[in-house]
Amino acid sequence: MATLITGASAGLGEGFARAVAAQGDDLILTARRIDRLEALAADLRAAHGVKVHVFAADLAHHAAPDHLVADIAAAGLTVDTLINNAGFGTRGVFAEAALETQTGQIDVNCRALVALTHALLPPMVARKSGAILNIASVAAFQPGPWMAVYYATKAFVLSFSEALHEEVKPSGVRVTALCPGPTRTEFAEVAGMGDSELFERFASAPDTVIRDGLSALKAGQAIKVSGLMNTLMADSIRFTPRVFARRIAGALQKARG
Ligand SMILES: NC(=O)c1ccc[n+]([C@@H]2O[C@H](COP(=O)([O-])OP(=O)(O)OC[C@H]3O[C@@H](n4cnc5c(N)ncnc54)[C@H](OP(=O)(O)O)[C@@H]3O)[C@@H](O)[C@H]2O)c1
């Protein structure tokens, strides 16, 4: 039995890998940057004596989840925990953005997450045990002008995860959506807001987010918003008229330039 972590070459994914290995669990790591995965795997094997398998995959490609699942099966591995963490965002004016990067966010953040879940959930249900942690975001709770597609992908992840949580609960399989706020990883740089003072000032440390995610998954929570301020914001959005919620989110994204 092993934990499969997507996007394990950096940021939260790497942190999840370190935390899961420290618990003594075997790992399957995937991302595009295989050199980083190999280095992390060597580190974790030496530090914790766990088995770590590495598979390169570009999850923007529609066939990648199927190939990954086939590679895992061919290696004789069984996934008992899936952490759907790989994802990216882009900031800017949608009408001026390249379509490929916009649909790429849907492919990686949503399509690959659904495909991996679809392939790996049935055996978990049959075994009546297993767990899936989907990384959503506080962006899931309102629309985000200037990051329109990214916010929409995270709303999808949250809604999908909550629905699955209810569907599979009777089988003993746990599904949790983790909603981090701004977190110090490579995300901001990839999204084109790396030097944003606002992001730096409010960003959390990855370790807190990782701890929150793993303990919520263990406890079988449907949703975990990481951090007190983020929780207050996510809760207050429910009582805020949508027109204000989307304008505030838009003003924040614009200020991140
Ligand atoms: N950091 C934040 O502020 C924040 C806040 C809320 C939610 N999140 C979510 O947290 C998750 C992890 O992000 P992070 O903050 O850790 O960002 P990160 O440091 O940029 O890491 C992103 C990971 O996703 C992988 N990835 C990206 N595109 C991929 C592709 N096409 N195929 C396969 N893997 C791909 C990257 O690996 P390769 O480049 O090697 O492929 C990398 O390992 C994402 O879902 C993100 O949306 C982040």
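Two residues are in contact if their C-beta atoms, placed from the backbone, lie within 7 Å. The model is predicted: local features need pLDDT of at least 70, side-chain atom pairs count only at pLDDT 80 or more, and totals for chains, interfaces and linings use all residues. Residues are numbered from 1 along each chain as its sequence is written.

**Exercise 1.** State which residues Ala136 is in contact with, leaving aside its neighbours within four places in sequence.

*Solution.* Ala136 touches Lys154, Val157, Leu158 and Ser161, and also Ala177, Leu178 and Cys179.

**Exercise 2.** Determine which residues of helix α3 are buried, and why they lie on the same side.

*Solution.* 
Step 1. A residue is buried if 20 or more other C-beta atoms lie within 10 Å of its own, exposed if 12 or fewer, and partly exposed in between. Helices (H or I, at least four residues) and strands (E, at least two) are DSSP runs, numbered from the N terminus.
Step 2. Ala64, Pro65, Leu68 and Ile72 are the buried residues of α3 (64-74).
Step 3. These residues lie on the same side of α3 because they cover an arc of only 100° around the axis, the arc being that of the directions from the helix axis to the C-beta atoms.
Step 4. His67, Ala70, Ala73 and Ala74 are exposed on the face turned away from the buried side.
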